[in-house]
Amino acid sequence: MTADATPRPGGDPPIPSGSIYDLGYRGYDGPRLGRRHAVGALFTHTLLSCYGIGRGGRAKIIPFVLAGIAVLPAVIAVGLVALARQAGQAGEFITDASPIRYETYFEIVGQIVALFCAAQAPELLGRDQRYSVLSLYFSRALERTDYAIAKLGGFVVALLALVLAPQIILVLGLTLSSPDLAEGLGENLPKVPPILAQAVTLSAVFGSLSLAIAAFTPRRAYATAGIIASFIIPPVVAEIAREVTSRDISRWFVLASPPDVIGATNAFFFDIRPDSSVIAAARHPGELYLVVAALAVAACTGILIRRYQRISA
Amino acid sequence: MVGTRFRCGLGRREPHRDGRNPVPVRLGAPGARPGWSGDPRGPDRSPPHAPRRITYPSGVPLIALRELTKRYNGGVTALDGLTVDIEPGIVGLVGSNGAGKSTLLKILLGLIDATSGEATVMDLDVRTHGTEIRQFVGYMPEHDALPPDATATDLVAHLARMSGLPTTAARERTAEVLRHVGLYEERYRAIGGYSTGMKQRVKLAQALVHDPRLLLLDEPTNGLDPSGRDEMLELVRRTGAEFGIAVVVASHLLGEIERVCDHLVAIEGGQLLRAAPLDTFTQRTGLVAIEVEEGAERLAATLVGRGVEARLDGRAVVVDVRDEGFYDLARDALVDLDLALVRIEPRRRHLEDLFRDEEPGEVPAA
């Protein structure tokens, strides 16, 4: 096929400019960066493909719509506060009355994160299983565990970006719109550590849980249904348990409900009263929810790795 | 015979030459890649910084299997005490479906673990050095393995990075290798719209993109039409003969594989049937089937009586033709017996025929 155009030795007429000819196969003498590079590349690739970057236009619709919805309240809140502060005294009142605050934002964004997980996690793992691409991965410089870890890392960071983007807008917007910059910094900077802590907890719990579910089926619909169920059913069970059983028993059900655990760590980090009646009724110390969140992440990661150890490729 | 050590391969080969494809031969020893066995590469080819290159002591086979056994959980024995050495070259791994070819390739890649026995690739144990081996091995799986929504360029470049190539190098190599397997403008389109032949080319390209020292191809002509098969086989031949990459091609089609490889390793039921250079087989002129209207038994008996290796196969008598004189002999036998000849035709050799009388005590293919 390509060989016909190969330059021949001797005094053949010169090849006309613009024609394509075969240079022959060339070897590769450059560096081979090995396993670590491969894992890093897979991590980046995963992170980008969560937002459809590097894939077709249609793959970008869902993640960017969800990200837009997540960011929109923050933009509106900052805009309103800025306008109100222009108006003078009334500004402070509106700032205080605004329902969109650092500590309430995770409640708002939590639903969107759940939807993002349900939409993107099955795509992230199911695609490679569905089309048997795994054998192409596992026959390369990375191990099965590396694949699982890189996918998990990329996905959790993608969720972090989704969760933190609106909070960054809030922090910057509220700080810069403050009449006095020093005062604005003093008010908003102390909120940054709890924001980061809660963002990491939320992303790690939701991310590892969704991937641990998605890893078990190449079928997208099943994985999506499984992830949604894991976010919806446990809180309902916890709520029912609170109604029908004694408090001594029902208070433990809360710990098995990912959204409630996340709600409780939010209250713990921001040092506020949880607005969920289930969490309030359970009366667990905030630290317990942190431990449960950490255990959940560890368990889900373990399940994910184990799954990829055994999956046939 | 299990446990007998076979050695095949010549190490260095003359490149295949034919007039139709005057493609420039690589610098250095033709056919054998410099750097193979710790060979110093010519100074003109050395990059300013030394690349990480895999070397292993000369005298060590490229692939060495010792009593390799694989039993699946269901009780199926895919490999049964396989012991063989494979040297660089184009090696055909032949066997019927279920003979254990795919299992062997997957064990060499570390995709699955052997139940017992040892396997080394480039003097590295597949159990403990899987990652290092895989950096220098390309694998083309038998099954469809391409996501339909990705373009060939994106997929191959991504997989090149998964082999440890830096991003820029991965892109350059991808363009080069896709052009080499014969994908041009199509490479920017989604793979879902490709023909089977194009998909097979993408699979070959992803196996070649990191310039491996060893290429493991599992049924590369699967699902291709005759012309697609010819093109794929030509690509495989060029890869082995001109690019200086060692190739192991697994196939159940002996007729195809013998066109490109210089060595054959035949396995059946997970055991080694025979491993030898192809020329030891091609000295034979092959099998001829003589079909007669009736009396095939008498013909076979007569031919055997006259010193010809013949056996009965249905209505035909299959003869192993060793010299031209046979045809006169057959004609005389037909005349003597007064039989009605239907046809004489060369028979596509089957594995069993190929290995039938070479190893007398050998397990016949059940």
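**View 1. Pairing of strands β11 and β13 in chain B.** In this predicted model, five bridges join strand β11 (residues 287-292) of chain B to strand β13 (residues 316-320) of chain B, and the two pair in the antiparallel sense. Within this region, Ile290(B) has Val317(B) of β13(B) standing opposite.

**View 2. The open four-stranded sheet of chain B.** Four strands of chain B form an open sheet in the order β12-β13-β11-β14, with antiparallel pairing. The edges are taken by β12 (310-313) and β14 (341-347) of chain B. Each of these edge strands has a single partner strand, so one side of each is left without a neighbour in the sheet. On average, neighbouring strands of this sheet are turned by 25° against each other, direction ignored. The pair shown in View 1, β11(B) and β13(B), belongs to this sheet.

View 3. Helix α9 (residues 296-305) of chain B lies across β11, β12 and β13 of chain B. The helix runs at about 165° to β12(B), and β12(B) is one of the edge strands of the sheet in View 2.

**View 4. Gly325(B) in helix α10.** Gly325(B) is found in helix α10 of chain B, which covers residues 325-337. Gly325(B) counts as exposed because the number of C-beta neighbours inside 10 Å is 10, and a residue with 12 or fewer is classed as exposed. Ser102(B) lies 223 residues away from Gly325(B) along the chain, and the C-alpha atoms of the two are separated by 42 Å.

**View 5. Chain B as a whole.** Chain B contains eleven helices and 14 strands. Its length is 366 residues, of which 45% count as buried. Among the contacts in chain B with a separation of 6 or more, 68% are between residues 24 or more positions apart.

**View 6. The side of chain A that touches chain B.** Contact between the two chains involves 39 residues of chain A and 40 residues of chain B. On chain A, the elements that give two or more residues to this side are α1 (34-50) and α5 (134-138). Helix α1(A) gives the most, with seven residues. Sorted by class, the side of chain A that touches chain B has 17 nonpolar residues, 13 polar residues and nine charged residues.

Definitions and conventions. Residues numbered from 1 in each chain as written. Chains lettered and ligands numbered in written order. Predicted model: local features only at pLDDT ≥ 70, side-chain atom pairs only at ≥ 80, totals over all residues. Contact = placed C-beta atoms within 7 Å. Nonpolar A, V, L, I, M, F, W, Y, C, P; charged D, E, K, R; others polar. Buried ≥ 20, exposed ≤ 12 C-beta atoms within 10 Å, placed from the backbone. Pairing = 2+ DSSP bridges. Axes fitted to C-alpha atoms, helices over the stretch in contact; angles between N-to-C directions.
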